[in-house]
Amino acid sequence: MVWVFPRKLRDLGTPGTGRTGRKPTLTEMEQLKGVDWTVIILTCQYKDSVEVFQKELEIRQKREQIPARTLLLAVEDPEVRVGSGGATLNALLVAAEHLSARAGFTVVTSDVLHSAWILILHMGRDFPFDDCGRAFTCLPVENRQAPVEAVVCNLDCLLDIMSHRLGPGSPPGVWVCSTDMLLSVPTNPGISWDGFQGARVIALPGSMTYAQNHGVYLTDSQGFVLDIYYRGTEAEIQQCAKPDGRVPLVSGIAFFSVETAEHLLATHVSPPLDACTYMGLDSGARPVQLSLFFDILLCMARNVRREDFLVGRPPEMAQGDVDVADYLHGARAELWRELRDQPLTLAYVPDGSYSYMTNSASEFLHSLTFPGAPGAQIVHSQVEERQLLGTGSSVVSCLLEGPVQLGPGSVLQHCHLRRQGTGTYLNMSWTEFFQKTGIRDWDLWDPDMPPTERCLLSARLFPVLHPSRALGPQDMLWMLDPQEDGGKALRAWRTSWRLSWEQLQQCLDRAATLASRRDLFFRQAQHKVRRVLEARQDLSLRPLIRAAVHEGCPGPLMATLDQVAAGAGDPGVAARALACVADVLGCMAEGQGGLRSGPAANPEWVQPFSYLECGDLAGGVEALAQERDKWLSRPALLVRAARHYEGAGQILIRQAVMSAQHFVSMEPVELPIPGQWVVAECPARVDFSGGWSDTPPLAYELGGAVLGLAVRVDGRRPIGARARRIPEPELRLAVGPQQDKMAMKIVCWSLDDLQDYCQPHAPGALLKAAFICAGIVSIHSKLPLSEQLLCTFGGGFELHTWSELPHGSGLGTSSILAGAALAALQRAAGRAVGMEALIHAVLHLEQVLTTGGGWQDQVGGLMPGIKVGRSQAQLPLKVEVEEITVPASFVQKLNDHLLLVYTGKTRLARNLLQDVLRSWYARLPDVVQNAHNLVQHTEACAEAFRQGSLPLLGQCLTSYWEQKKLMAPGCEPLAVRHMMDVLAPHVHGQSLAGAGGGGFLYLLTKEPRQKEALEAVLAKTEGLGNYSVHLVEVDTQGLSLKLLGTETST
């Protein structure tokens, strides 16, 4: 995954090895996989927050940030002031209790810790700048490769750091992590766990000045912790300094081995430490406040003496009475007894950084803004007028409509603003505020409050109760622009019972706050969806779709997609919107209900489809939505509905590709006499680069470029068709493996016999579609078939097609066959079709046939030699062809080194095509980049042909096969991979033909004329199945058309 983090926050992301081509190390593999946590516990102060934070953990598990099998627990601290140490002990007890119950024990046993990886996250105290605490403070960062789109909180970053950077490689045990700091940790922190025992603290570097207000570790040369200082003296801090002058800060993270965790867990039954847990509290024990670092871990530090430890107290505990001191003395004595013999080591991460989230507004702003940056950082937000955002500011999860202005270095989060007028509020000084509103300082603060504490947080600004009427927004908003009302609004405000923000924070409904944030996130997301689709941006919406489904918001998202589709003037935009609806439905099925690819011709969907076929886009989208509502009840129906939405998208693709008809033209020629055969023969084609880029909608949305060769197989042109006129007003169709061997014969006497022309698997469907696309038959005419034929041609036609290649060969058979059939039919009907027209006519035919193919096959097989076909990113779809000139004698050299191997595997290109189109419409980043690479690679391949370099061409083939596999995962069967591995030492490069998945493998051998040698190599290899090796040579003729004499009909 790659996180887009500006400046200070850029290092918070997940690990990655980059695209260097090398294999990742074992450590890197562990980091990529992450820690398979057994339990993750989030501790919180308040009882009413437990359910809220439990849901937040579960949401992150659905987002795949947390392993699916991990037990998630939100745990209330036994007391608000139990301290980080008490919260840790309580959380450890709860984890052990749940794991014991899961293992079938009836009592808590520490044995369950031996195979467990436990992560305890502490929420900590209230945070004045975020209602839900430091953990849920949103950061101006974005993970653009996350499977689910979401706002990134500090909790998400810390989960990522613990799971992918610090945690990997650690033995079973207990990790404890605060959430009150911003951390930066490098991809590989270099922590060794060899021979580890005891406990370990993670330390990040800080300056000596920073350490004066924080904790710092003193260690020996072997990494053992000698002491922990909090706000130490200058001499103490200097003693801790590393050679670079920085010091190891107490950074909020610690790890306990299983043995040490068992010792810690044992203290939960010993007074007074039992009071740190819910069990002790339920037993009536008096609460005790403990620090994780300055009580629990400090007792393990080597230089700490027992007598000093027992009389000390943690920094968070204020000086209190003697009873408290005695109580803490007893707790520390118990900790010393259990933990003193456990070693405590330090892992120092010099390339990381640590920043505690203080209550200082200026420090908080500094951590989330970007001084000196040229513009604002906008994350998960839709902003209409970006030029009004100040430099260095950040906007997170906001919807800003209209002229909303933000000052430099400001932070705006979770706001939906429609700005009118010029009033401001928080940017006013108190003097200006008092003068403008009439409010006085005694209205806001008590007279005895020191001036240094008089700030916005403590100002009693917010009315919550009025003695005579209900309060509304106007009771606060009047301050923005006080009207001349004789002081009425001010008097009402003064009469009300008012609270400060600090006072209100204790009454917050955190569930409502998080729900409100989620609602706003999806509201701005709907604007994003509309913008991305209408602007035709190559930005994937699938993470956003997953987020909407996981968090129960698919309805509004689908409604937005409906609106975009219905209002689109571009069929490409509408088709992509419908594909996104299909993705929503598929996601709602949650992996159940069957495969996404499947039939889409249920009668219930015929009416919506008919609207689309007739060009009524708005009516079709509305009818689709009405039908969709009937298919939402269970996964199987959702998957079937998704298939039909993809079917609706195919209708729009067909209509777009039909624009290729603009380039289909014919000229009348002499009509052959009845009985005279017109024979069309064609070579096959081999694609050397760019395949998939010719496939609609890529061909007209991205623009395509494919380099192909017309080839003879074993010296033969394997594909052909012949047509002739016959006296009978009927159509006679025949299909076979060779010209003189027709395996299937069909006679069509009526239009009803042609109705299955658009069902690709129906007998003779391609031939029937050829008659319709050639204009010989009008399927929608009121005239019977016989009358149409007699009136125009004086009789009927006979059409035969053949292919000597096996089904699913990958050599472009069906499209080339369609070209041959059309060419023969048109000539038999007295029409001449140019090559450019024929290429586009085949595109039209395949849309009528509903196979949805591209244009590379007919370009490769109908036109001779070596050439590049190209289409621009526009409609109407037009294909242009450039012949590639190669050095003299290079064609013969190529013939000597080019071989075909039939793998014996039949490819399933239809399913591969559906998968590729689904990935393209989802604009998956890897697929989009790969599609661009396919087009660019074609130009490099053409240059290799111009140079006549076999090694370069071999490299092109190898790269091309990798691109095909990325475009269509699953196109390389295991048996084929085995065959390619066996052949690799003997070839410059190799690739499966066409879409892959089976069919023919073509090779560029290192030595010439290697057919017999490679047959011997393959013969010695087990498990290859029914393969065969074939000679192949470049065909320099292309489509040939000739008229023969008459003969008796067969």
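Is Trp692 buried or exposed? Trp692 is buried, with a relative accessible area of 8%; buried stands for under 20% relative accessible area, exposed for over 50% and partly exposed for the range in between, using a 1.4 Å probe and protein chains only. The model is predicted, so to speak of local features requires pLDDT of at least 70 and side-chain atom pairs count only at pLDDT 80 or more, while totals for chains, interfaces and linings use all residues. Residues are numbered from 1 along each chain as its sequence is written, and side-chain values use heavy atoms, with hydrogens and water left out.

Trp692 lies in the loop between S24 and H25; helices (H or I, at least four residues) and strands (E, at least two) are DSSP runs, numbered from the N terminus. Most residues other than glycine have a negative phi, and most peptide bonds are trans. Trp692, not a glycine, has a positive phi of about 90°. Pro697 is placed in the loop between strand S24 (684-689) and helix H25 (698-703), and the peptide bond from Pro696 to Pro697 is cis, with omega near 5°.

A cis bond also joins Leu875 to Pro876, with omega near 0°. Pro876 is found in the loop that runs between strand S31 (866-871) and strand S32 (879-883). His414 is not a glycine either, yet has a positive phi of about 55°; its loop lies between strand S18 (411-413) and strand S19 (416-418).

Tyr327 belongs to helix H11 (residues 322-339). Beyond its neighbours within four places in sequence, Tyr327 is in contact (heavy atoms within 4.5 Å) with Pro272, Ala275, Arg286, Pro287 and Val288.
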